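Please read it with the sequence and the model side by side.

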Amino acid sequence: MGQRFRFAIVSDPHIARPETIYNGPNRFHLVEVSIPGIEQIFDHLETLDLDFLLLPGDLTQHGEWVNHHWLIERLKQLPFPAYVVPGNHDVIARNASDRAIGLHDFPRLYQDFGYSDGKTLHYQREILPGVRLVTLNSNAFEPNGEQIRVGYVDQAQLDWLEATLAEYADDLILVMLHHNVLEHLPGQSNSPLGQRYMVSNAEAIIQRLEAAKVRLMFTGHLHVQDIARRGDLCEVLTGSLVSYPHPYRIVEIEHGDGELRMEVRSRRLTAVEPWDDLQAMSHKWMCDRAGGFMTKFLVSPPVGLKQAEAEAIAPKLRHFWAAVADGDTQLDFSHLPPDVQRRLAHFNSVDSDGNPQAIDNTATLVWPAR
């Protein structure tokens, strides 16, 4: 094959300067890790021969001006280009406040990181010869300016996407947005808990990508390590820097003559001051706070247990969500009633034949010539 390039993905860093940290009692994430963690990651990435960095949204804790400004200044110091999209935490309301930015502040602030015109909330850039990054804004708002709690890509963007893909049909296209387009959990698009992490009109995006033979998407938001495929379309979802397992990815792509090969390697933060064993501490942090969430999860589709049964079983599944976030999930449900075992078995990582499959953290994926 011909061209080969390498890039990194850091998703959902939720940058929070110490004076802005919100300390909710049930939060799974550890925003205290955000600044020392991203500094450590950037120190590592600067030792690699990278072509660029992708950050698929939730750059800040809750859209605070001070946190956006901190990240912007830090990204300017990197020795390689960085490209961003807004997450639901980056613009919490359409209009700005004294504390947080508004929707149209985002492209103005991030003009050096993809939004070259400073106005449009989506963009396309040739980031390497014959390689084009196409990004979408998946945040949407009610008429009163409040954020809609699901992802949505409006018709104007869909029309632009279709035209852009047609115009650059000979390029290798990488698509980036914050909300998930493909399902990364069984029944995600039909679950009230899962839907909020997806684009509600995902099929409209998928149809356009499939028609243009696009194969690669990069998203965040769910705080889970997962790689999902639908036919030739692949979506790489990267977990959050501030929640277990605190991952980031290095991706290497080689392509030419219609063939495409992608190697994904994931790394994790293991120690951040003052936690010498961040992985163990963070895993315990998430598991200790999982009770209420797991009850809601077990009651909701696709599991759909009765409330009393869910409340009884939830304590036995305190490690469940941490295992899902970890990627390549392999859990033993044999201690649960047979019907519950059957309903949860789908959450383990298996191939089409039901055999264990590990592609969420380390994978080599190959597409033959089209």
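The points below go from the sheet to helices, rings and single residues.

1. Basis. This is a predicted model, in which local features need pLDDT of at least 70 and side-chain atom pairs count only at pLDDT 80 or more, while totals for chains, interfaces and linings use all residues. Residues are numbered from 1 along each chain as its sequence is written, and side-chain values use heavy atoms, with hydrogens and water left out.

2. The sheet. Six strands make up an open, mixed sheet, ordered β3-β2-β1-β10-β11-β12. Its edges are β3 (82-84) and β12 (362-367), each of which pairs on one side only. On average, neighbouring strands here are turned by 20° against each other, direction ignored. Helices (H or I, at least four residues) and strands (E, at least two) are DSSP runs, numbered from the N terminus; two strands pair if DSSP finds at least two bridges between them.

3. Strand β11 (residues 259-268) is antiparallel to β12, and the two pair over six bridges. R261 stands opposite V366 of β12.

4. Helix α1. This helix (residues 34-45) lies across β1 (3-9), β2 (52-55), β10 (247-256) and β11, and runs at about 35° to β10. Axes are lines fitted to C-alpha atoms, for helices over the stretch in contact, and angles run from 0 to 180 degrees between N-to-C directions.

5. Helix α6. The buried residues of α6 (residues 202-211) are A202, A204, I205, I206, R208 and L209. Buried means under 20% relative accessible area, exposed over 50%, and partly exposed in between (1.4 Å probe, protein chains only). The buried residues of α6 pack against α4 (155-167), β6 (172-176), β7 (216-219), β8 (226-230) and β9 (233-237); contact means heavy atoms within 4.5 Å. K213 follows α6 and has a positive phi, near 60°.

6. Aromatic pairs. Rings of Phe, Tyr and Trp (its six-membered ring) pair if their centres lie within 6.5 Å; planes under 30 degrees apart count as stacked, over 60 as edge-to-face and the rest as tilted. The count by this rule is 17 aromatic pairs. F5 and F52 form a tilted pair, because their ring centres are 6.0 Å apart and their planes are at 35°. Since F5 lies in strand β1 and F52 in strand β2, the pair ties together parts 47 residues apart in sequence. Both F5 and F52 are buried.

7. Aromatic cluster. F28, F293, F297, F320, W321, F333 and F347 form one aromatic cluster.

8. Histidine 122. Where is H122 placed? H122 is in the loop between α3 (105-109) and β4 (123-128). Its relative accessibility is 16%, so H122 counts as buried. Apart from neighbours within four places in sequence, H122 is in contact with Y115, T135, L136, N137, Q157 and W160.

9. Backbone details to check. Y244 and P245 are joined by a cis peptide bond, with omega about 10°; P245 is in the loop between β9 and β10. The bond from P301 to P302 is also cis, with omega near 5°. D58 is a residue other than glycine with a positive phi, near 50°. D58 lies in the loop between β2 and α2 (65-75) and counts as buried because its relative accessibility is 1%.
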